[in-house]
Every structure is written in C-alpha cells, then in structure tokens.
Amino acid sequence: MRLDKFLTSLGKATRSEGGKLIRQGKVLVNGIAQKSPDFKIDPDSDTITLSGEVLTYKKYTYIMLNKPEGYVSATDDEKEKTVLDLVDPQDRRRGLFPCGRLDKNTLGLVILTNDGDGAHRVLSPKHHVEKIYKFISRDPVSENDVKALESGVDIGGYLTKPCRVKMISECEGEITLIEGKYHQIKRMLEAVNNKIVYLERITFGNIQLDPSLKRGEWRYLTPDEEEIFK
Ligand code: URA
C-alpha cells in the first residue's frame, strides 16, 4: 500500500495533506523518514509513525451515532444537514456512509461505516438482522392491527414481511423488522389507518443504542459489536 494512502485510510490526512507530511519527513517507516508519498509499505508488518505517534492500520471504521431530528441519512446534501456532519472531519475522510437510512425526523441508532460489503450483508433481509424501533402512534393500535402488521400489510404494492409488534400502551410500542423499505413503518401504520408521531431506532442486530450517547453524539463500535459485519 502507498504511504499516502495509508495515512488517508486512517483519516489522518487528505491525500495532499498526507503527501506534505511525508515530504516534510514527519512520517517514519520502521524508524526511517520516507519522503516519497508513493513509498510502498506493508501495513501488517511495517511500523509507521506520524510525528512520533505509532499508527495502527484498521481496514474498516464502524461508528454508532445517536441521530437527532433534522439530519438526513446521506453522505452529502445540497440543502440538508447530513448524519456525516455530526462526526469529526478526520473520520469523514475515511469514506464513511450510513448503513441504512433513517428518515429526517426519525431518531436513534445509525451505524456509519466504510465497509461496503459488510453493510450490504447486514441490510439484506436474507440475513435476518433485526432492527427494533420504538414508536408512538396518533391513535390506539388494536389487537387486530397488531395481527395485520405482524403478518404483513400492503404499503403501496409491496406486502411487508412478517414482523413483531409489542404494544407498551395503547399508542406506544416496539416494532421489530428485518427489512427497511422507504418510510416502511410510517406506511405500515398508514395501512391500518393510523399515523406515526414518534419513531426511534433502538437496536440493530446485536447492537443497542448506547444510553450514554446524547442525541448527536457518537462512538466507535466495540469489537463485539463489530462482529455483525464479519
Ligand atoms: N421506518 C420509517 O418509516 N422511517 C424510518 O426512518 C425507519 C423505518
């Protein structure tokens, strides 16, 4: 791997900033300053330091974000604030994207990663990764509604896959899905003549929204949590 690419992949610098640091002799490979950005390194066996700090190569980054209202699940947008605006510029450079989408007014657990294959896998209904959402509805959800929602409802030409609904009170519950169609839960509630007034994702497979994260805050996934992508 090229030395400048290595720095970029860690989010330490853009390609051009990395080139500058390398030419300035701030990057050592096995203790020797290598001043050419295209110098080839082996991230597994070489020891690379930047201004004295040892850099450890990690192929992919995984971040848990507690999404506030008003942010779109995209990498960039001309008009709207995106979930990527909430993380450090250093991490943004790594090519992160949201693993699945939450609507602008949906809150809670969003995973950001640069692991395209892993994201594809966990999002595919084939892999049955469950996501749990807390919701509040405008009107009470009856037992018949729960049965209909659980067995599948028509959301405009698409019959939703079986899911679980647990009501906590008349208008408040949790819904567990293995798929994620556009506005799925809102459209499911509309299919039973109701309306979502609050929606928050609280789990994604084995990953639970960390209660210590305030809205807008994030942290890296732990190695146990990352397992879902492997
Ligand atoms: N279902 C919705 O309707 N919106 C979301 O953001 C997620 C699931």
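Is tyrosine 60 buried, exposed or partly exposed, and what is its relative accessible area? Tyrosine 60 is partly exposed, at 26%; here buried means under 20% relative accessible area, exposed over 50% and partly exposed in between, using a 1.4 Å probe and protein chains only.

## About the model

This is a predicted model, where local features need pLDDT of at least 70 and side-chain atom pairs count only at pLDDT 80 or more, while totals for chains, interfaces and linings use all residues. Residues are numbered from 1 along each chain as its sequence is written, and side-chain values use heavy atoms, leaving out hydrogens and water.

## Aromatic pairs

Let's stay with tyrosine 60. Its ring centre lies 6.5 Å from that of tyrosine 62 and the planes meet at 65°, so this pair is edge-to-face. Rings of Phe, Tyr and Trp (its six-membered ring) pair if their centres lie within 6.5 Å; planes under 30 degrees apart are stacked, over 60 edge-to-face and the rest tilted. Tryptophan 218 and tyrosine 220 are also edge-to-face, at 5.3 Å and 85°.

Tyrosine 62 is buried, with a relative accessible area of 2%. Together, Tyr60, Tyr62 and Phe229 make one aromatic cluster. The whole structure has four aromatic pairs.

Now look at helix H2, residues 15-23, where Gly18, Gly19, Leu21 and Ile22 are buried. Viewed down the axis of H2, these residues fall within an arc of 165°, so they line one face; the arc is taken from the directions from the helix axis to the C-beta atoms. On the other side of H2, Ser16, Lys20 and Arg23 are exposed.

Conventions: Helices (H or I, at least four residues) and strands (E, at least two) are DSSP runs, numbered from the N terminus.
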